[in-house]
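Hi,

Here is the structure I promised to send over.

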Amino acid sequence: MTISLSNLLKDNPTKRCLIETLTPKKRSVHIDLENSITDIFNLISNCLQINNEPVDIVFKTGKMKNTLSFPVYGKASRSHNSNTVLILLTLLKIINERATTNTTSTIRDVYYSNVPLFKTQRTVNYYVNIIRLNFPGMNSVIPAQKGLVYTSATMEIYHADGSKMMLMGGTSSLIPYLYETSTIACAVADFDKIIILEKEAVYSKLVQNKLMLNSLIITGKGYPDHLTRKFINKVSHLCSDIEIFVDADPDGICIALNYMKDCPMAQYKGITVAALINTKDEDNLMKLTPRDSTISRNLLVKLQRLTSHQKGLPGIKLALQRHLFFGVKGEMNSMLLR
Amino acid sequence: MSKVFIPVSNVGKAHDADIYSVKVLKGFTVTASGDGSLKFWSNKKIYQNDFKTLKDDVHVEFVDATGLHHVDCLTVNDMLGNDALTVNIISTVSFNGIIHFYQFVNENLSTLKKIKLLNPEEIKIHSFWSSLWVNGNNDQVVSDRLITSDIKGNTNIWKFELYKDETKTEIEPHLTYQGEISSNEPVVATCVDASAKRGLIATGFANGTVVVSQLSTLRPLYTFESNSSSTVNSVRSLKFSPLGNLLAVSNDFGSFGSITLYETEFGEKIGNLSIPTHSGQKLISGTTFAHNGWVFNLSFNSTGEFLATCGYDSKVRVWDIKLKERVSTLNLSANDIEIEDDIMLHDENGDSTKFPPIFDVKFINKGIINDTNEGLCCVCMDRSIRWFREAGGN
């Protein structure tokens, strides 16, 4: 039977009927735990090759669900739609391969395996996070380790599958990969202190000169990644005295807040702007930029929404207010590297 | 010649966070703090040196959880009603850049209420930093004004009207926008002051410059550049003398604080206020300093003969303006507080407040905490408020 517009109009007198008739039959494929990745590929290929119907790929993005159609049909089409499908399926394929061979790749490696497709590393990061949302516990593609840890006593990390990792005492190493179920134990009963630092330079200085005995020193090199925060959360039972040292600027305080989110007992210890002023060395001080002021203001507003179970919050608020009132900021290096 | 100031009263841990600003009214000393509240301390109790019950009687008005850093008040007399009324309009700025207004009548805090002088859209477009009321001295020619500075460097001016309309029968405070003195570059306008007598307005910036403009036309007249070679050269405070013929400016000079006097007729620099130093302590370029720390605030006495300054070095200094000499220095320590439990030696982050930096100082007119003498009030980083009066007199 041939379809012509006049025939269609005859059969479908209203606009709604016409749209309904013209919309192709489609199938929905849900990316979630119920379907394994192999199933997802089978469903999609069956749909496209055998049934000749478009697919709706449904997945969670946060609280909302998103639907991508392939091939694109209907009014909701967007130009980058098919590209997004491609990225998503490519990533799923990579994750499936890694999972079957039980290996892991970093986001960076994945990005460089197909730069023209992903264009930026951020894209990979974004979609890997989305896939992790739909497949919690997916560990095949992970961010490269960023944080560093120095321990004065040997620590052992036990994973759920029975494997074990050691962090040798007196050495500095990258923060090891951890799973939700991993546990960390330490030979000595207690550390005196757990020190969290913003700056790697300060970390190196402390580690090289062996300035801190019987302690655990951690740096997330600026804003901490997931792994560093998870690690701190898992070692927090080893010591009750957890101290955070960051720059005396709004970003530093934002970083401190980031750490405190996963580890509420951690205490903000500065470097405070008052301590910098007391050095009487004007080279340690810089003026607050308009951007800094805005960050401080926004953080102060945000603090009001945080629950008050974090006992360190008054100190954080005080630090932010003093930044704004004094109009200056400074870096921790100048204080701690002496 | 020296002046001696003796303590009248003090209160420690007056707020739960730093106290950034103080304003002395006829009946109350008002403080604004990072804990987000205004507190009204009874001057009568201070007069009677009743420091033990000072905290019991304080009136607390919670304003904004992000904290407050500036407070000022305009007092206007309503001569036309049957009863002579004094209307007080308080403005206070919170750390999120919002300005809040309160009103109370006579010395009766039970009439204290929040009022809306600016609509939310107007408040939203500015990110306020400081606010100031200029009293036209009930002169019919010069109206009262509200002046604000914001973090982008703009100065905004509103005219204040107490009455609803020309008939002056109904009290309904309101503001009409006069205009803006805009800044060429986005730099925080840290402080403003104005002189109704001379018709001048001065704005100080975080980059060390001061712009003096005409109050009626808002046209800039003079620009004073900072003489500091340091990158830390923010203007912390500026004040016109009561007659408006002088402008005192406090600048950061690295970690020191310098105070410069300008005359306002031709915009000439008159000189610096400085303490005698050994040659070894003299700064590069020969400039001398007034405080061994930033000078946070200045206050002229009512006659304009004396200027009180306060600094990060936990000192209040009083200067003779004519001689440009220091006539008094008050060295403050956290241990001065009368009630021992209220002494605060460390803040939440472990920084010492034993020698507390002083954030604000105000001269107090005669008759408020002492009949015959003037006084001083200052707020410090150890969260204390201290009142002093001049010694001697008849």
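Between chain B and chain A, 13 residue pairs make polar contacts, with both partners at pLDDT 80 or more. A polar contact here is a pair of N or O atoms within 3.5 Å; within protein, one must be able to donate a hydrogen and the other to accept it, and residues adjacent in sequence count only if both atoms are side-chain atoms. On chain B, the side touching chain A has 14 nonpolar, 17 polar and six charged residues (Ala, Val, Leu, Ile, Met, Phe, Trp, Tyr, Cys and Pro are nonpolar, Asp, Glu, Lys and Arg charged, the others, Gly among them, polar).

Bear in mind that this is a predicted model, where local features need pLDDT of at least 70, side-chain atom pairs count only at pLDDT 80 or more, and totals for chains, interfaces and linings use all residues. Residues are numbered from 1 along each chain as its sequence is written, chains are lettered from A and ligands numbered from 1 in the order in which they are written, and side-chain values use heavy atoms, with hydrogens and water left out.

The interface also has two salt bridges (a side-chain nitrogen of Lys or Arg within 4 Å of a carboxyl oxygen of Asp or Glu). One of them joins Asp347(B) to Arg322(A), at 2.8 Å from N to O.

How many residues are in contact? 37 from chain B and 27 from chain A, counting heavy atoms within 4.5 Å. Together the chains bury about 2,800 Å², 56% of it on carbon and sulfur atoms; that is accessible area (1.4 Å probe) lost on being put together, summed over both. Phe95(B), Tyr312(B) and Asn349(B) supply 21% of chain B's share, more than any other three residues.

Cheers

Definitions and conventions. Buried area = accessible area lost by both parts, 1.4 Å probe.
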